[in-house]
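This report is written for someone meeting the structure for the first time.

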Amino acid sequence: MAYATTSFDLVNFKVASSKRIIGYNKQIKQQRFVTFNSVNGVVPRINGVKKLKVAYQGVPGAFSEFAAKQAFSDCIPLPCRAFLDAITAVEEGKADLAVLPVESTMEGTELRNYDLLLQHDLPIVQEINLYVHYCLLAMPGVSKGELKKVISHPLALAHCGKTLAQLGLDHEAVEDTAGAVELLLSNRMFDTAAIASSQAALLYGLDVLAHGVQDESWNVTRFLILSKDLRLRSPKGRNKFGSKTSMVVAHHSGTLNVLLKLLSAFSTRDINLTKLEVNPSRTNGTPVLVLDPKEGGPLKEFPCILYVDFEGSMDDQNVKDALAEISEFPVFIRTLGSYSADPNIYGLQ
Ligand SMILES: O=C(O)C(=O)C[C@]1(C(=O)O)C=C[C@@H](O)C=C1
């Protein structure tokens, strides 16, 4: 197994012990940006085999598109304006799957996207961890000294705060990283740079003025792939790492007792937690809105919520027993999906 491939220009960045980086290679690069002609809602069949349509937020070259292609190499990526549109595309049958970035090593949980996950009934069928390497891109021939402004996805701007401060440039948020590149090009903005991937630079023919402009070299985003069709779950045994389950546990008053109950139920059965977040901070004490798929709408409101990921599947007896034990408490539990654990970190440069 190869660790931290040298095909990245980065030197010796940290690799978490259990994580593997799948290096970018020339062959993959050529396949990455094959574009397909497709008509909304119609899934083209090539040689009688259905190609999966994967909805993502952004335009070609966005990190979410790369995550889609990483999950289903032969898929037809369907660009959408917003993450909600990607989810709606699946709900309305215009796409088979949707890609949702939910957390990053630099920023933690992306609450707005997690909220979408909680407010819709689309199970998680797969996870993809992507190493996010940002570049500063500009129109061909433009030098750093000519720049006045930088545009990108709000998270990308946040991830590159130090570089932006050093450059002393104004910045403005746009929908996605590749969308920023498209905007530069279509408006011929010679005084503006975009923060995006080097693949986006290649795709749109822009110059890369700087590589790895994120504040921390170790920058990984976790994407979840959602679908109504559970047959699209990454096959069991695809890797030897077993299953993982994501769920939320909510209570109308406080989470402390629920948390203790949960920790005890899981630890007695040796079930490892891979994520545990207690009511991630929300402004103005806004309640968390969660759809209960058993009851449909309206959304249930909770002041407190636990975000839990653990090793194991809802089909495992010890998991069923643990959940039964937690349910002795008057809690709301919603399982967001059981899927193959993927400890790999896929690279793109
Ligand atoms: O803008 C993009 O390219 C995206 O795919 C979105 C997104 C995100 O929302 O987290 C994905 C990865 C990066 O962390 C920055 C932005």
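Is Glu277 buried, partly exposed or exposed? At 24% relative accessibility, Glu277 counts as partly exposed, where buried means under 20% relative accessible area, exposed means over 50% and partly exposed is in between (1.4 Å probe, protein chains only).

The model is a predicted one, in which local features need pLDDT of at least 70 and side-chain atom pairs count only at pLDDT 80 or more, while totals for chains, interfaces and linings use all residues. Residues are numbered from 1 along each chain as its sequence is written, and side-chain values use heavy atoms, with hydrogens and water left out.

## Salt bridges

A search of the whole structure finds 17 salt bridges, a salt bridge being a side-chain nitrogen of Lys or Arg within 4 Å of a carboxyl oxygen of Asp or Glu. Some of these pairs are set out below.

| Pair | N to O distance |
|---|---|
| Glu103 and Lys275 | 2.7 Å |
| Asp229 and Arg231 | 2.8 Å |
| Lys244 and Glu127 | 2.9 Å |
| Lys275 and Glu277 | 3.0 Å |

Lys275 takes part in a salt bridge with Glu103 and in another with Glu277, and Lys275 itself is buried, with a relative accessible area of 8%. Salt bridges that share partners join Glu103, Glu127, Arg222, Lys244, Lys275, Glu277 and Asp309 into one network.

Within the pair of Lys244 and Glu127, both residues are buried. Helices (H or I, at least four residues) and strands (E, at least two) are DSSP runs, numbered from the N terminus.

## Domains and their interface

An automatic or database domain assignment is the origin of the domain bounds, and the chain is divided into domain 1 (53–132), domain 2 (134–211) and domain 3 (239–342). The C-alpha centres of domain 1 and domain 3 lie 22 Å apart, and their contact (heavy atoms within 4.5 Å) takes 17 residues from domain 1 and 25 residues from domain 3.

Between them, domain 1 and domain 3 bury about 1,600 Å², 51% of it on carbon and sulfur atoms; buried area is the accessible area (1.4 Å probe) that two parts lose on being put together, summed over both. Leu118, Ile124 and Glu127 supply 40% of the area that domain 1 buries against domain 3, more than any other three residues.

Across this interface of domain 1 and domain 3 the rule finds 2 salt bridges. There are also 10 residue pairs in polar contact across the interface of domain 1 and domain 3, both residues being at pLDDT 80 or more. A polar contact is a pair of N or O atoms within 3.5 Å, and within protein one must be able to donate a hydrogen and the other to accept it, while residues adjacent in sequence count only if both atoms are side-chain atoms. On the side of domain 1 that touches domain 3, helix 4 (111–119) and strand 8 (124–131) are the elements that give two or more residues.

The buried residues of helix 7 (residues 177–186) are Thr177, Ala178, Gly179, Ala180, Val181 and Leu184, and what covers them includes helix 2 (63–71), strand 9 (135–138) and helix 8 (198–204). At the start of helix 7, a side-chain oxygen of Asp176 reaches to within 3.2 Å of the backbone nitrogen of Ala178.

Most residues other than glycine have a negative phi. Arg188, although not a glycine, has a positive phi of about 45°; its place is in the loop between helix 7 and strand 12, and Arg188 is exposed, with a relative accessible area of 54%. Asp270, likewise not a glycine, has a positive phi of about 55° and sits in the loop between helix 9 (256–268) and strand 16 (273–278), where Asp270 is exposed at a relative accessible area of 69%.

Ser227 lies in the loop between strand 14 (220–226) and strand 15 and is buried, with a relative accessible area of 0%. The side chain of Ser227 reaches the backbone nitrogen of Asp229 at 3.0 Å. Leaving aside neighbours within four places in sequence, the residues in contact with Ser227 include Val90, Asp96, Leu122 and Leu232.
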